[in-house]
Amino acid sequence: MFKSINKEISLRNAGLLSFGLILFAYFPLLNDRIYFVDDITRSIKGYFGWTELGRPLTEWLAMLMTINSGILADITPLPQLLSIFVLSCTVLILIRNAFSRVSIAAVLISTTAVINPLVLGNMLYRLDSLSMVFSIMFSVLAWEKFNNGKIALTLTLLVGCLCFYQPAIAIFPLLVVYTYLKKITHKEGMSGYILKSLFVAIISCLVYFICVVKLTIKSTESRGAINSLGNGLIQHTLTGIKNSTEIAFNSYGKIGSIILLCVSFIFILCYLKTLTTSVWNKHIPQKNLRILLLLLSPLAILICTIGVNLVLSNGYYPLRVLFPIAFIIFLMLSLPSDENIGNGANLLI
């Protein structure tokens with residue numbers, strides 16, 4: 001059975017398989033009559049209202065899909081159908097960057113990032129699910145372009161990600177940490193890779209804050225209140241990590257949580273092996289910096305579970321905000337994978 005799922009397939013077949021899996025997972029949403037609070041008021045009144053929430057691209061996309069009529073129309077299930085296609089494209093981006101061989105196993109591992117109860121919280125929105133999954137794809141695509149050295153395009157994609165849906169920005173640093181952990185033992189210059197990615201992420205957030213937040217979000221909008229970098233930051237961070245991880249684990253149910261704990265244990269073993277290899281290797285350039293960044297990697301992953309709530313004083317933790325945690329699961333599954341599935345950086349050997 002393992003040989004069959006590890007069989008190499010074409011990128012086209014991988015796309016069809018991922019689309020089929022995502023369609024099967026979210027098919028009930030295409031026929032449901034669920035209206036969230038935001039959906040109800042927007043469907044009745046026909047207003048957009050996303051720009052003042054710092055999401056101008058969401059509003060422009062909705063206007064485009066309603067032929068710029070000025071009145072928001074409920075065109076369900078078209079947004080969900082397009083969302084499934086965008087999520088499938090996101091899976092393909094993950095596969096071609098995280099694995100050297102396209103296989104069924106690679107598809108199954110990558111789809112864990114988009115088929116889960118966390119992303120379900122976004123797909124349930126009838127009117128803006130498409131913009132939410134676009135934000136996911138933009139963040140993943142920014143990671144790909146950053147790996148290819150296209151800094152300007154990376155900045156543009158990250159700002160676009162924020163303009164669609166801000167919580168998705170946490171996916172970018174998670175994938176950067178994933179790349180660092182996967183390549184640190186056999187590739188030089190990874191310390192600079194981390195520092196450069198941090199610089200790019202900060203600049204993109206500053207551009208978004210100056211050019212979008214300051215011009216669109218009203219001062220009376222409580223959800224947009226920025227947390228002060230005071231003495232309560234550590235407690236705010238610890239509380240955020242606790243809330244995020246508890247809600248995420250609970251969303252997977254008891255059996256799912258047990259499986260996630262097992263996956264986490266395997267990942268920790270692989271991480272410790274990488275750390276000890278770096279400590280005992282005397283020929284690693286910039287050894288101290290590499291070890292420091294390795295030690296900080298788990299902390300960075302935990303901070304990414306909070307996402308945008310790290311900088312918001314009135315943080316809230318619904319599933320639709322916590323979906324970047326699904327990429328932590330992707331990270332934990334793909335890093336320990338066999339070298340025949342991954343890109344040759346087998347951490348179990």
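What volume does the second largest pocket have? In this predicted model, the value is about 390 Å³. A total of 16 residues line the second largest pocket. Closest to its centre are Ser 264, Ile 301, Leu 302, Ile 328 and Met 332.

Two or more lining residues come from each of α12 (233–251), α13 (253–280), α14 (287–306) and α15 (325–334). Helix α13 gives the largest share, with five residues. By residue class, the lining of the second largest pocket holds 13 nonpolar and three polar residues. No charged residue is part of this lining.

A helix pair was examined next. Two packed helices are described by the angle between their axes and the distance between the axes. Helix α2 spans residues 11–31, and helix α6 spans residues 104–111. Their axes come within 10 Å. The crossing angle is roughly 40°. The crossing of α2 past α6 is right-handed.

On the α2 side, the contact is made by Ala 14, Leu 17, Ser 18 and Leu 21. On the α6 side, Ile 104, Val 107, Leu 108 and Thr 111 take part. Six residues of the contact of α2 with α6 are nonpolar and two are polar. None is charged.

Key
Residues are numbered from 1 along each chain as its sequence is written. This is a predicted model: local features need pLDDT of at least 70, side-chain atom pairs count only at pLDDT 80 or more; totals for chains, interfaces and linings use all residues. Side-chain values use heavy atoms; hydrogens and water are left out. Axes are lines fitted to C-alpha atoms, for helices over the stretch in contact, and angles run from 0 to 180 degrees between N-to-C directions. Helices (H or I, at least four residues) and strands (E, at least two) are DSSP runs, numbered from the N terminus. A crossing is left-handed if the near helix is turned anticlockwise from the far one by less than a right angle, and right-handed if clockwise. Contact means heavy atoms within 4.5 Å. Ala, Val, Leu, Ile, Met, Phe, Trp, Tyr, Cys and Pro count as nonpolar, Asp, Glu, Lys and Arg as charged, and the others, Gly among them, as polar. On a 1 Å grid over the protein atoms alone, a cavity is a set of points where a 1.4 Å probe fits but cannot get out, and a pocket is an open set with protein on both sides within 12 Å along at least five of seven lines; lining residues have an atom within 4 Å of a point. Grid points are joined across faces, edges and corners, and a volume is the space filled by probe spheres set on the points.
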